[in-house]
Amino acid sequence: MSGIPTVLTIHAADPGGGEGILSDAATLLDLGCRAATVTTGFLLSLRRGGSVFEPLPLPLVVEQLEEAIAAASPASARVGVLKGAAHVEAVAAFLRDRGVRDVVVAPVPRAGGARILDGETLDAMRRELFPLARVVVVRASDLATLSGERSADLPGLERGARELRARGARAALVSGGVRDERIVDLLDDGGSVAVLDAPRISAPRVPGVAGAHPAAVAAFLARGETLLRAADAAQRHVALRLDRGPR
């Protein structure tokens with residue numbers, strides 16, 4: 001495995017395949033990385049509709065973190081679904097103490113139409129993980145929840161990214177905005193703003209693509225790309241996944 005970078009994904013397990021460590025692992029493998037996985041809990045679809053997140057006990061999460069880092073030293077990490085301040089604090093302390101270089105934090109406010117990110121967890125992520133992260137990745141559709149910005153136009157994306165930095169992030173990447181039939185991602189890296197765009201692709205539901213973007217950002221950072229190049233390459237990777245459809 002020499003020369004192959006390891007990416008640590010700290011995320012939920014999702015039997016539906018739209019989010020979670022299995023989707024991340026597939027993306028990382030596709031991009032030439034090795035995946036080390038830590039399951040924080042399970043995203044479960046409810047019969048009445050929506051989803052619920054059932055977290056694992058904190059000692060089990062910590063034990064997985066220790067085992068993952070013992071197997072290989074990660075070049076980057078991707079953090080997804082967490083539950084509660086104690087889990088957030090433990091993950092942040094672990095990443096900080098182990099000196100993981102490039103941390104990608106991608107909060108997931110909703111799954112299956114149901115809110116799974118509570119206020120306590122979000123406050124802890126802003127306090128502990130946002131300042132630690134190389135970049136905080138937010139879907140444009142979740143920008144109102146995470147930054148308070150409700151406008152989906154380009155100035156709104158920029159204001160939202162700026163607000164995420166005001167709440168602790170060193171850099172903020174807002175993905176999946178739509179402008180003139182193109183997909184727009186906006187990166188604010190310490191006040192330096194770049195707009196990335198790609199053709200909008202009409203495609204059927206592609207399992208696993210929902211969480212592929214932040215995982216791809218982490219993969220390209222692990223491979224030594226700058227944040228701007230990683231964001232651009234991740235956008236193109238998602239477009240490719242949509243273009244080729246379900247596999």
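Let me start with strand 8, residues 135-139, which in this predicted model pairs with strand 9, residues 171-179, in the parallel sense over four bridges. If you want a place to look along that pairing, take Arg 139, which stands opposite Ser 175 in strand 9.

Now to the helices. Two packed helices are described by the angle between their axes and the distance between the axes. For helix 2, residues 58-71, and helix 3, residues 85-97, the axes come within 10 Å and cross at roughly 15°. Because angles under 35 degrees count as roughly parallel, helix 2 is described as roughly parallel to helix 3, and the crossing of the two is right-handed.

Which residues of helix 2 and helix 3 make the contact? From helix 2 they are Leu 58, Val 61, Val 62, Leu 65, Glu 66 and Ile 69, while helix 3 brings Ala 86, His 87, Ala 90, Val 91 and Phe 94. Sorted by class, the contact of helix 2 with helix 3 has nine nonpolar residues, one polar and one charged.

Technical notes
Residues are numbered from 1 along each chain as its sequence is written. This is a predicted model: local features need pLDDT of at least 70, side-chain atom pairs count only at pLDDT 80 or more; totals for chains, interfaces and linings use all residues. Side-chain values use heavy atoms; hydrogens and water are left out. Axes are lines fitted to C-alpha atoms, for helices over the stretch in contact, and angles run from 0 to 180 degrees between N-to-C directions. Angles under 35 degrees count as roughly parallel, over 145 as roughly antiparallel, 65 to 115 as roughly perpendicular and the rest as oblique. A crossing is left-handed if the near helix is turned anticlockwise from the far one by less than a right angle, and right-handed if clockwise. Contact means heavy atoms within 4.5 Å. Ala, Val, Leu, Ile, Met, Phe, Trp, Tyr, Cys and Pro count as nonpolar, Asp, Glu, Lys and Arg as charged, and the others, Gly among them, as polar. Two strands pair if DSSP finds at least two bridges between them.
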